[in-house]
Amino acid sequence: MTHDTALAADRLGKKYGRRGDWALRECDLSLPQGRICALVGPNGAGKSTFLALAAGLLRPTEGTLTTPGRALLAYVAQDKPLHPRLSVDDTLRMGRELNPGRWDDALARQVLEGGGFSSRTLVHRLSGGQRTRVALALALGKRPELLLLDEPMADLDPLARRRLMGLLMAEAAENGTTVVMSSHILTELENACDHLLLLHGGRILLDGSIEELLSTHTLLTGPVADLAPHHVVESRTTGRQLTALIRREGPVDGPWETSEPSLEELLLAHLRTTEGVPA
């Protein structure tokens, strides 16, 4: 792991139980610092396992996963595990006392604005969306170098989600924070993220800059023809008409109409194919 790398995996694997299935297997990646990484894949792909490994809550069965020191890392899990008998104020006080010298109380309280609850409210009386605000306030108030988010905005209404996502992205950009965020809301990821990590069946199908991945893939429509030497991610034929998504290996020659795919088209094509294209 180099000084400009925020997260690095080398043949990372995780299996639950001696005879259990592999949740992750042979995962290699190197995420540069300062990237906003979209972690995507179907249910059961290994996203939550990957984030828990990165947070240090699980140990790998094989391989390694290297991150900055634990003091420079924040993790928001899907279930937002907050102490139910603490008030919101007490929860933030705990964050301040556990992170001396790094805690940003003004930022933490900015995340709570508009949540519709008092700082004296006990955590167990909060709604799911309000708990999300408190969990994000704890994470951002810590000023982490690496922020891990597992479906962080799923229980927020669209307006709150947009506001908090904007705040998160602004803070990440200003402080050079690396963010790894899993979500099923692809439009949210496409507007916010600049790096993509696609998991399927516990293995990495794609890992790289979203801009580069989109620019190196092409959607083709036209007569049926040989697509060599390009990697064909997905193709279908209707009569004499071919529609395909390819990963280009040089210029695209032929009588086809071409266009750059959207992030959604790219992801769905790779997930529909059984093996994907080498990342």
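A154 counts as exposed because its relative accessibility is 55%, where exposed stands for over 50% relative accessible area, buried for under 20% and partly exposed for the range in between, with a 1.4 Å probe and protein chains only. The structure is a predicted model, in which local features need pLDDT of at least 70 and side-chain atom pairs count only at pLDDT 80 or more, whereas totals for chains, interfaces and linings use all residues. Residues are numbered from 1 along each chain as its sequence is written, and side-chain values use heavy atoms, with hydrogens and water left out.

A154 is placed in the loop between β6 (146-150) and α5 (158-175). Helices (H or I, at least four residues) and strands (E, at least two) are DSSP runs, numbered from the N terminus. Between A154 and G166 there are twelve residues in sequence and 15 Å in space, C-alpha to C-alpha.

For the chain, the secondary structure comes to eight helices and 13 strands. Along the principal axes, the C-alpha atoms fill a box of roughly 70 × 45 × 35 Å. Of the 279 residues in the chain, 48% are buried. Among the contacts in the chain with a separation of 6 or more, 68% come from residues 24 or more positions apart; contact means heavy atoms within 4.5 Å.

Three strands form an open sheet in the order β2-β1-β4, with antiparallel pairing; two strands pair if DSSP finds at least two bridges between them. The edge strands, each of which pairs on one side only, are β2 (22-32) and β4 (62-66). From one strand to the next, the twist averages 15°. Strand β1 (residues 5-15) is joined to β4 by four bridges, and the two run antiparallel. Within this pairing, D10 stands opposite T64 in β4. Helix α1 (residues 47-54) lies across β1, β2 and β4 and runs at about 120° to β1. Axes are lines fitted to C-alpha atoms, for helices over the stretch in contact, and angles run from 0 to 180 degrees between N-to-C directions.

T238 has Q241 in β12 as its bridge partner. The two strands form a hairpin with two residues between them, and G239 in the turn has a positive phi of about 65°.

Helix packing was examined around α4. Two packed helices are described by the angle between their axes and the distance between the axes. Helix α2 (residues 88-98) packs with helix α4 (residues 128-141) at an angle of about 20°, with the axes 9 Å apart. α2 is therefore roughly parallel to α4, given that angles under 35 degrees count as roughly parallel, over 145 as roughly antiparallel, 65 to 115 as roughly perpendicular and the rest as oblique. The crossing of α2 and α4 is right-handed; a crossing is right-handed if the near helix is turned clockwise from the far one by less than a right angle, and left-handed if anticlockwise. V88, T91, L92 and G95 of α2 make the contact with V134, A137 and L138 of α4. By class, this contact of α2 with α4 has five nonpolar, two polar and no charged residues. Ala, Val, Leu, Ile, Met, Phe, Trp, Tyr, Cys and Pro count as nonpolar, Asp, Glu, Lys and Arg as charged, and the others, Gly among them, as polar.

Helix α3 (residues 105-112) also meets α4: their axes come within 8 Å and cross at roughly 160°. The two helices are therefore roughly antiparallel to each other. The crossing of α3 with α4 is right-handed. On the α3 side, L107, A108, V111 and L112 meet R133, V134, L136, A137, L140 and G141 in α4. By class, the contact of α3 with α4 has eight nonpolar, one polar and one charged residues.

T132 lies in helix α4 and counts as buried because its relative accessibility is 0%. Not counting residues up to four places away in sequence, T132 touches K80, P152, D155 and L156.

D194 is found in the loop between α6 (186-192) and β8 (195-200). With 33% relative accessibility, D194 counts as partly exposed. Its C-alpha atom is separated by 6.3 Å from that of C37, 157 residues apart along the chain. Leaving aside neighbours within four places in sequence, D194 is in contact with R35, I36, S209 and I210.
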